[in-house]
Amino acid sequence: MSETKAPDASRRSERSRRAIFDAALALVSETGYAKTTIEGIAARAGVGKQTIYRWWPSKAAVLLDAFLDLAAQANEALGGDADSEIPDTGDLAADLRYVLRATVDEMNNPTFDAPTRALAAEGIVDPELGARFTEALLEPQLRYYVRRIEAAQAAGDVDPDVDPRIALELLVGPLHHRWIHRTLPLTHAYADALVDLALRGLAPRT
């Protein structure tokens with residue numbers, strides 16, 4: 001008589017977690033943050049709302065983890081991992097073009113664009129939510145830029161007197177401005193132009 005295997009609880013939990021993340025991101029894209037509810041997420045994911053509350057204390061916590069998971073998937077697709085830094089090939093311009101082009105591709109991807117816009121808008125009117133998402137999602141990425149610029153300063157490629165935080169904003173600031181306001185298309189050519197212009201200003205003084 002063959003032995004019946006017990007259901008794999010960890011696999012079932014992972015399926016439920018994935019369904020909850022997908023539902024949360026879809027709903028916030030379709031209806032906005034304010035109209036997204038735990039009940040709606042549970043119904044869309046096909047789970048009980050008690051399942052969600054067992055794992056997360058609030059809607060914001062669900063969305064935070066969903067975004068972190070989405071970002072991790074995107075990084076993995078690029079061949080990175082959770083601790084990936086900006087490449088340091090010795091060619092700062094090439095390294096920054098690579099990262100900004102990948103950022104452009106992400107911003108143009110509807111999977112990222114719609115929920116990111118919804119949460120960015122909510123973060124303006126809800127400072128606590130905005131601070132949480134900035135701390136968990138944006139700041140870690142910005143620190144990668146800081147470390148790459150500091151390495152370039154040590155190598156003599158960037159003016160040692162430049163503040164790395166201001167330097168990185170010369171790169172990502174215009175990109176996000178164009179994305180938020182939809183002033184013009186986001187393209188690889190635009191990303192390349194930002195790198196070229198920024199590095200002219202960051203070059204060591206002779």
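**Entry 1: D113**

I started at D113, which touches M107, W179 and R182 if I skip residues up to four places away in sequence. Contact here means heavy atoms within 4.5 Å. This is a predicted model, so I kept the rules in view: local features need pLDDT of at least 70, side-chain atom pairs count only at pLDDT 80 or more, and totals for chains, interfaces and linings use all residues. Numbering runs from 1 along each chain as its sequence is written, and side-chain values use heavy atoms, with hydrogens and water left out.

D113 is found in helix α6, residues 110-125. For helices I go by DSSP runs (H or I, at least four residues), numbered from the N terminus, while strands are E runs of at least two. Is D113 buried or exposed? It is buried, with a relative accessible area of 16%. The scale I use is under 20% relative accessible area for buried, over 50% for exposed and partly exposed in between, with a 1.4 Å probe and protein chains only.

D113 also has a charged partner: it forms a salt bridge with R117, the closest N and O atoms being 3.0 Å apart. A salt bridge needs a side-chain nitrogen of Lys or Arg within 4 Å of a carboxyl oxygen of Asp or Glu. Both D113 and R117 lie in helix α6, 4 residues apart, about one turn of the helix. R117 is buried too, at 18% relative accessible area.

**Entry 2: other salt bridges**

I asked how many salt bridges the rule gives. The count comes to 13. Side chains of opposite charge can pair when their charged atoms come close.

I looked up E14 and R18, whose side chains meet in a salt bridge at 3.7 Å, N to O. Both sit in helix α1 (residues 9-31), 4 residues apart, about one turn of the helix. E14 counts as partly exposed at 35% relative accessibility, and R18 is partly exposed with 25%.

Next came R165 and E169, with closest N and O atoms 3.8 Å apart in their salt bridge. They are 4 residues apart in helix α8 (residues 164-181), so about one helical turn separates them. R165 is partly exposed at 30%, and E169 counts as partly exposed at 41%.

I then went to W56, in the loop between α3 (49-55) and α4. W56 is buried, with a relative accessible area of 6%. Which residues does W56 contact, leaving aside neighbours within four places in sequence? I found R17, I20, F21, A61, V62 and D65. With D65 there is also a polar contact of 2.7 Å between the side chains. That term means a pair of N or O atoms within 3.5 Å; within protein, one must be able to donate a hydrogen and the other to accept it, and residues adjacent in sequence count only if both atoms are side-chain atoms.

S16 lies in helix α1 and is buried at 19% relative accessible area. Not counting residues up to four places away in sequence, S16 touches V47 and W55.

**Entry 3: the UniProt span**

An unreviewed UniProt entry places the feature "DNA-binding region" at residues 37-56. I keep in mind that UniProt positions follow the numbering used here, that feature names are shortened, and that annotations may be inferred rather than shown by experiment. In the model, residues 37-56 are 75% helix and 0% strand, and the end C-alpha atoms lie 13 Å apart.

Where is the kink in helix α7 (residues 127-154) centred? I found it at T134, with a bend of about 40°. The bend at a residue is the angle between axes fitted to the seven residues ending there and the seven starting there. After α7 comes G156, whose phi is positive, near 85°.

Y98 has its place in helix α5, residues 92-107, and is partly exposed at 43%. From Y98 to I86 I counted 12 residues in sequence and 8.8 Å in space, C-alpha to C-alpha.

**Entry 4: confidence**

Last, I checked pLDDT, the predictor's confidence in each residue, from 0 to 100. The chain's mean is 88, and 90% of its residues reach 70 or more.
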